[in-house]
Amino acid sequence: MPKDLWYNRRPMEPLEHCELCPRRCGVDRLHGQVGYCGSGVLPRVFRWGPHFGEEPPLSGTKGSGAIFFSHCTLKCIYCQNAKWSNGGRGEDISLKELVSRFRHLAEVGCHNWNLVSPTPWLPQIAEAVGELAQAGIKLPIVYNTSSFERTESLEAYRGLVDIALADLRYASERSAEEGSGCRDYVAAARAAILWFWNRLGSLECDDASIARRGLIVRLLALPGRTNEVLENLVWLRNTLGAEVAVSVMAQYNPVGQARVTPGWDRRLRQEEFAPIEEMVADLGFETGWVQPCEDETAECMLGDDMTAGYGEVR
């Protein structure tokens with residue numbers, strides 16, 4: 001495995017003055033300080049194992065080897081995993097245990113290692129993956145992110161990105177502030193997606209249709225804000241071209257704070273999602289998936305079935 005930037009410094013040095021995400025808190029995590037996300041030194045994981053709810057080229061037949069990390073750099077009021085992502089629940093594990101979990105996911109045949117919300121833990125993940133690489137154990141790495149990233153951090157840990165599964169949730173600062181507590185989201189996310197595209201390019205799959213490299217952009221349709229998905233689709237088409245893979249999701253469910261927040265407290269309506277489906281087709285994206293929009297009154301499934309039922313872009 002080619003040496004990457006994390007080999008050129010003390011592995012945990014970035015935690016002494018943490019600026020891994022765009023918030024750049026500057027706290028000394030090595031000596032007990034915590035910033036906005038609340039992350040410490042030991043990686044905190046709330047769930048791990050083969051995951052079958054991702055896009056088809058990632059889940060395949062044997063599952064995506066997902067590790068869901070606790071603590072998040074956003075505070076989404078509709079987050080289905082808020083107890084872990086924002087509340088910090090989970091299990092603190094050693095570097096040795098993190099290595100063991102990556103190894104197990106490879107041994108059971110997962111198609112990839114899927115890093116879910118990895119940003120606060122990049123130094124620890126890099127050490128674990130580097131140790132396995134030296135032992136000849138390697139899978140494609142899915143960088144599964146909200147896209148609220150610093151391109152400097154992405155560049156420093158570029159060895160952790162074979163496939164980017166990158167959200168593009170908002171097109172307005174107001175929505176980003178209301179929904180995720182992050183007015184600067186749009187600029188950061190679009191910059192990160194450009195970085196992924198310039199480094200990885202379009203999605204590449206093997207003969208079994210399993211992803212090996214490239215970018216997938218996820219767009220979650222939000223109630224009353226579907227015009228922002230339309231705006232982001234146009235931005236993607238004009239900036240990256242028709243070759244970028246898009247995954248449009250209709251699975252929004254008002255949980256947590258969203259239940260009591262006006263404008264966020266309902267499911268999508270089919271009539272507001274229909275223009276998105278039309279736009280995806282009209283813009284001519286060559287690769288992608290669109291979830292069907294269920295009736296607003298239908299119960300939304302949580303867990304591994306959350307992203308089931310994708311229809312391919314036609």
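**From values to words**

Student: Why is Arg-24 called partly exposed?

Tutor: Arg-24 has a relative accessibility of 45%, and the scale calls a residue buried under 20% relative accessible area, exposed over 50% and partly exposed in between, with a 1.4 Å probe and protein chains only, so Arg-24 counts as partly exposed. Before we go on, note that this is a predicted model, in which local features need pLDDT of at least 70 and side-chain atom pairs count only at pLDDT 80 or more, while totals for chains, interfaces and linings use all residues. Residues are numbered from 1 along each chain as its sequence is written, and side-chain values use heavy atoms, with hydrogens and water left out.

Student: What makes the pair of Glu-19 and Arg-24 a salt bridge?

Tutor: The term asks for a side-chain nitrogen of Lys or Arg within 4 Å of a carboxyl oxygen of Asp or Glu, and the closest N and O atoms of Glu-19 and Arg-24 are 3.0 Å apart, which means that the pair qualifies. Glu-19 is partly exposed, at a relative accessible area of 23%. Both residues also belong to a network of salt bridges with Arg-150 and Glu-152, and the whole structure holds 16 salt bridges.

Student: How do you know that Lys-138 and Asp-162 link distant parts of the chain, and where do they lie?

Tutor: Their closest N and O atoms are 3.2 Å apart, in a salt bridge, and this pair joins positions 24 residues apart. Lys-138 sits in the loop between helix H4 (122-134) and strand S5 (141-145), whereas Asp-162 sits in the loop between helix H5 (151-156) and strand S6 (163-167); helices (H or I, at least four residues) and strands (E, at least two) are DSSP runs, numbered from the N terminus.

Student: Why do Lys-138 and Asp-162 get their labels for accessibility?

Tutor: Lys-138 is partly exposed because its relative accessibility is 40%, but Asp-162, at 18%, counts as buried.

Student: What makes Cys-37 a buried residue?

Tutor: Its relative accessibility is 14%, so Cys-37 counts as buried. Cys-37 lies in the segment before strand S1 (44-51), and, leaving aside neighbours within four places in sequence, it is in contact (heavy atoms within 4.5 Å) with His-71, Cys-72, Thr-73, Lys-75 and Pro-120. In the chain of 314 residues, buried ones make up 54%.

Student: Why are helices H8 and H9 called roughly parallel?

Tutor: Helix H8 (residues 226-239) and helix H9 (residues 270-283) pack at an angle of about 10 degrees, with their axes 9 Å apart. Angles under 35 degrees count as roughly parallel, over 145 as roughly antiparallel, 65 to 115 as roughly perpendicular and the rest as oblique, so H8 is roughly parallel to H9. The axes are lines fitted to C-alpha atoms over the stretch in contact, and the angles run from 0 to 180 degrees between N-to-C directions.

Student: Which residues meet where H8 and H9 pack?

Tutor: In H8 they include Val-229, Leu-230 and Leu-233, and in H9 they include Ile-276, Met-279 and Val-280. The residues of this contact divide into nine nonpolar, one polar and two charged, where Ala, Val, Leu, Ile, Met, Phe, Trp, Tyr, Cys and Pro count as nonpolar, Asp, Glu, Lys and Arg as charged, and the others, Gly among them, as polar.
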